[in-house]
Amino acid sequence: MYDFLRTAACVPEVKPGDVEFNVSSILSKLNEAYQYNAALIAFPELSVTGYTCQDLFFHDTLLENAKKGISEILAATKGRNEIIIVGAPVLINSRLYNGAFVMTKGRLLGISIKTFIPNHHEFYEKRWFSSAATLEIEQLSFSELGIASNEEYDYEIPVGNKIIYDIDSKLRFGVEICEDLWAPFSPSTVLSLGGAELIVNISASNEVVSKREYRKQLIKQKSASSICEYLYVSAGASESTQDLIFSGHSLLAENGVLINENRDFIASDYIMIADIDLGKIRHDRLVSTTFGDARDLISDKVKDIITLKVTDCSLPESDGEYLLVPKKPFIPSVKSKRIKRCNEIFDMQVGGLVKRLQITGSKPVVGVSGGMDSTLALLVSAKALKKLNRDSSDLIAITMPAFGTSDRTYNNSLELIKALGTEPVIIDIKESCIQHLKDIGHDIENKDVTYENTQARERTQVLMDYANAHNGLVVGTGDLSELALGWCTYNGDQMSMYGVNGSIPKTLVQWMIDSVVENDIFPEASNVLRDILDTPISPELLPPDENGNITQKTEDKVGPYELHDFFIYYSMRYGFTPSKIFYLAKKAFKDDYSDEEIKKWMTMYYKRFFSQQFKRSCMPDGVKVGSVSMSPRGDLRMPSDASSAQWMKEIEAL
């Protein structure tokens, strides 16, 4: 369903050398994994015999029992559609190899062989095992393997380090083993470039101080550089502790992001369940020209890949129950990480504006409304001047009260401007707007979009002309969410000379300001910043009520920004379909919005996203700070007259 796939990393109890016990443990874990509806189930390296058997690998008793153990596991999978991967030694042409046996429905699909055999520090595997590089054949029969087949005929089984398993064109995966991951050029690199979307590493990695964190970073980086899902499962603490301790470290990384990891530092006898979204991998590979170029660079190696197509395996479907779907994908849920990210973004905003001010030699001009967007732009401008060692009086902060300005936002504007060390420029635009409405023959009592946009455009005109008169550069305040929805007035707040908030979503803006308070960057402004954070989001273009309170709340009309930012993330970052985004939104917001509400605001999002592209086509310069940007010069190249018909048809059918 929607490219979801459920995986299980199983770390059973083992007794080194006791194949009968180990197979029993593996079968027990298999039955447990079936209950989770896992489609791919992986066990550690040499889990059939135990990894730490050492010279016992030279004993016929162990090797013969390993064959029987594989036969027993194979028989147990008959009639099952799950993909099972178990580790066991395999004897080929008088050489012993470290193999990953891949099976389903009682059929042995292939044996992936370990390539890099460590022979340093605590590992001396070359004493027992040979590298896949020494293989002189690419396939073996059951009779040659000495393993009992569940089929009526003795078919050929692919062996080596160049096998991609293609399961019903729904899953393409490859396998590497332990040390392969540590190599400068690993088998998974070739397998990924050859089309494998998931790499499974069955491992037996011992634990020493700091190795767990290093291993985690290595796997995250491998999944990022190969744009793949990377499932890692390692031998547990029940292995021999003669000289080493094995921790049973399992984890899943997705294109550089850690999706799941077992909690206990030293562990055994557990299952780690995780859902992956192959749609993310497919999208990122589609848009990455570097990935394609890398494939071309090693085309000779990619051509050697054996792609094993399996057409009769209906993998169990995942409903995404174990997917991590945050409500606010742009914002880290952990406070320390959130503050760190906000600090980095703030520095990027400041850095961009510093460069523009250096080049132009101008003063930043900001229209300050008392809302969060203009507050953030003002803070960025003030910090940029500090970076340039320029006086804070160079900050031109203009507040322009009009028909909808409330006392709260007006007073907050003045207090904030003064707290930042400059004097506010107050230009009341009510009379000029009234005159303009008279000039175009518009009844001032008709508070329609013309009435509203007159104020937005008058403010921009004032900012532009004031900047001309005072060697200024108008700093735009509009954010990513407003750009996506086109919730801005064309040639009004849509326009500036440099936009600092253009790739920051509305839900993140408040945390950006919060981080400024947390880090005490402008201590004199902390109190007013806290009040601004508590102020409802509003364009303030309609008159306040009789008590001077804001009456026009943006989210009442355009919808909740947390939903829109969710839609923006999954439609722009991954190109997902409306139906998939709807499914994810229902999962994330099940306690907050009904299905009807989500569909209503999704309809609003797509209608406005398509119809408002003309505003984004001529948006001002501004630095990209996150994974999503609407810049027509960079991330979003889209015709202004594109049709939304297919997207709307899909939404209507939800």
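Is N255 buried, exposed or partly exposed? I looked this up first. N255 is partly exposed, because its relative accessible area is 22%. My cut-offs: buried means under 20% relative accessible area, exposed over 50%, and partly exposed in between, with a 1.4 Å probe and protein chains only.

**Ground rules**

I am working on a predicted model, where local features need pLDDT of at least 70, side-chain atom pairs count only at pLDDT 80 or more, and totals for chains, interfaces and linings use all residues. I number residues from 1 along each chain as its sequence is written, and side-chain values use heavy atoms, with hydrogens and water left out.

**Overall**

I counted the secondary structure: 22 helices and 22 strands. Helices (H or I, at least four residues) and strands (E, at least two) are DSSP runs, numbered from the N terminus. The C-alpha trace spans about 100 × 55 × 45 Å along its principal axes. Of the 654 residues, 57% are buried. I then took contacts, meaning heavy atoms within 4.5 Å. Among those with a separation of 6 or more, 73% join residues 24 or more positions apart. The protein exposes about 27300 Å², and carbon and sulfur atoms supply 48% of that area. Accessible areas come from the Shrake-Rupley method with a 1.4 Å probe; for residues, only the protein chains shown count as cover.

I went back to N255. This residue sits in the loop between β14 (250–254) and β15. I found S94 in the loop between β3 (83–92) and β4 (95–104). S94 counts as exposed because its relative accessibility is 75%.

**Strand β9**

Which strands pair with β9? I found β5 (residues 107–113) pairing with β9 in the parallel sense over two bridges. Strand β8 (residues 139–141) pairs with β9 in the antiparallel sense over three bridges. Two strands pair if DSSP finds at least two bridges between them. I noted one partner from each pairing. I111 has V159 of β9 as its bridge partner. Q139 has P158 of β9. Strand β9 (residues 156–160) is mostly covered, with four of its five residues buried.

**A surface patch**

I looked at F265 next. It lies in the loop between β15 (257–261) and β16 (270–277). F265 counts as partly exposed because its relative accessibility is 46%. Together with I245 and I266, F265 forms a nonpolar patch on the surface, with about 240 Å² of accessible area. Patches are made of residues with over 30% relative accessible area and no salt bridge; like charges are joined within 9 Å, nonpolar side chains (Val, Leu, Ile, Met, Phe, Trp, Tyr) within 5 Å. A salt bridge is a side-chain nitrogen of Lys or Arg within 4 Å of a carboxyl oxygen of Asp or Glu.

How many residues does α11 have? I get 13, at residues 407–419. The helix reaches 18 Å from its first C-alpha to its last, close to the 18 Å expected at 1.5 Å a residue. The expected span is 1.5 Å times one less than the number of residues. Its buried residues include T409, N412, S413 and L414. L416, I417 and A419 are buried as well. Their cover includes α10 (372–387), β19 (396–399), β20 (425–426) and α16 (526–533). G421 follows α11, with a positive phi near 90°.

I checked N527, which lies in helix α16. N527 is exposed because its relative accessible area is 60%. N527 and E415 are 112 residues apart along the chain, yet their C-alpha atoms are separated by 9.7 Å.

Y34 lies in helix α1 (residues 19–35). I count Y34 as buried because its relative accessibility is 11%. Leaving aside neighbours within four places in sequence, Y34 is in contact with I41, A76, R80, E82 and I84. Its C-alpha is separated by 34 Å from that of H59, 25 residues apart along the chain.

W601 lies in helix α20 (residues 595–611). W601 is buried because its relative accessibility is 10%. Which residues is W601 in contact with, leaving aside its neighbours within four places in sequence? I listed D556, K557, V558, G559, P560, L563, H564 and F567. W601 and I26 are 575 residues apart in sequence and 48 Å apart in space, C-alpha to C-alpha.
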